[in-house]
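Here is a briefing on one protein model, arranged by topic. Keep the sequence and the 3D view open while reading.

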Amino acid sequence: MIRHLSFPNIIEHNAPFTSVVMDDRYAFVAGVVAADFPAGRAVLGNAGDETHEVMSVINLILDECGLDLSDVVRVDVHLADLDDFDAMNDVYATFFSPGRYPARTCVQSEKLFGGSLVEITCVARLRS
């Protein structure tokens with residue numbers, strides 16, 4: 001069974017996507033940017049600050065699904081500029097236990113929503 005979940009108390013948007021789609025094994029979390037969702041605009045900062053905000057929102061979303069960051073098996077990071085990799089990576093690493101990092105891809109994306117520097121999406125494995 002596939003479930004489509006939205007969390008207006010965490011992410012409110014009018015765009016044609018679902019915040020999380022879950023099947024019987026995985027939760028697929030849509031891309032998250034540091035944003036004021038009701039206003040429909042990015043909350044811009046430096047890459048480290050944006051990464052902290054994005055990972056905090058992802059953690060809240062996973063919590064609503066009965067999961068946490070230790071359940072994340074795959075992450076895709078989009079950076080507006082790969083020169084921000086170290087700043088993103090330093091903050092990102094603090095959200096996981098050392099040696100228990102999910103598989104990850106990090107790419108440069110020319111333009112992100114509202115001029116954001118960081119967008120992150122992930123897949124979490126549901127608990128048995």
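A residue counts as buried under 20% relative accessible area, as exposed over 50%, and as partly exposed in between, with a 1.4 Å probe and protein chains only. This is a predicted model, so local features need pLDDT of at least 70 and side-chain atom pairs count only at pLDDT 80 or more, while totals for chains, interfaces and linings use all residues. Residues are numbered from 1 along each chain as its sequence is written, and side-chain values use heavy atoms, leaving out hydrogens and water.

**Overall architecture**

- The protein has 2 helices and 8 strands. Helices (H or I, at least four residues) and strands (E, at least two) are DSSP runs, numbered from the N terminus.
- Along the sequence, the pattern reads β-β-β-β-β-α-β-α-β-β.
- The protein has 128 residues, and 38% of them count as buried.
- Contact here means heavy atoms within 4.5 Å. Among contacts with a separation of 6 or more, 70% come from residues 24 or more positions apart.
- The accessible surface is about 7100 Å², and carbon and sulfur atoms hold 49% of that surface. Areas come from the Shrake-Rupley method with a 1.4 Å probe; for residues, only the protein chains shown count as cover.

**Strand pairing**

- Two strands pair if DSSP finds at least two bridges between them.
- Strand 6 and strand 8 run antiparallel and are joined by 7 bridges. In this pairing, His-78 has Glu-119 of strand 8 as its bridge partner. Arg-74 is likewise partnered by Val-123 in strand 8.
- Strand 3 and strand 8 also run antiparallel, with 5 bridges. Val-32 faces Ile-120 in strand 8, and Val-29 stands opposite Cys-122.
- Strand 2 joins strand 3 through 3 bridges, again antiparallel. The two form a hairpin with 3 residues between them. Met-22 stands opposite Ala-27 in strand 3.
- Strand 6 and strand 7 (residues 103–108) run parallel, with 6 bridges. Val-77 stands opposite Cys-106 in strand 7.
- From strand 6, the chain passes through helix 2 to strand 7 in a right-handed β-α-β crossover. Right-handed means that, with the strands pointing away from the viewer, the path from the first strand over the helix to the second runs clockwise.

**Nonpolar core**

- A nonpolar core is a set of buried Ala, Val, Leu, Ile, Met, Phe, Trp, Tyr and Cys residues joined through side-chain atoms within 4.5 Å.
- The largest one has 30 residues, and Met-55, Ile-58, Leu-62, Leu-69, Val-72 and Ile-120 have the most contacts inside it.
- Two or more core residues come from each of strand 2 (20–22), strand 3 (26–32), helix 1 (47–64), strand 6 (72–79), helix 2 (85–93) and strand 8 (118–125). Helix 1 gives the most, with 7 residues.
- Beyond neighbours within four places in sequence, Leu-69 contacts Met-55, Ile-58, Asn-59, Leu-62, Phe-95 and Phe-96.
- In soluble globular proteins, nonpolar side chains tend to be buried together.

**Glu-50: buried or exposed?**

- Glu-50 counts as buried because its relative accessible area is 1%. Glu-50 lies in helix 1.
- A polar atom of the Glu-50 side chain is 3.3 Å from the backbone nitrogen of Val-118. A polar contact is a pair of N or O atoms within 3.5 Å; within protein, one must be able to donate a hydrogen and the other to accept it, and residues adjacent in sequence count only if both atoms are side-chain atoms.
- Not counting residues up to four places away in sequence, Glu-50 touches Ala-34, Val-43, Leu-44, Gly-45, Ser-116, Leu-117 and Val-118.

**Arg-125**

- Arg-125 is in strand 8. Arg-125 counts as partly exposed because its relative accessibility is 32%.
- The side chains of Arg-125 and Tyr-26 make a polar contact of 3.2 Å.
- Leaving aside neighbours within four places in sequence, Arg-125 contacts Arg-25, Tyr-26, Leu-67, Asp-71 and Val-73. Val-73 is 52 residues from Arg-125 in sequence, with 6.5 Å between their C-alpha atoms.

**Thr-94**

- Thr-94 sits in the loop between helix 2 and strand 7. Thr-94 counts as exposed because its relative accessibility is 60%.
- The Thr-94 side chain reaches the backbone oxygen of Val-91 at 2.6 Å.
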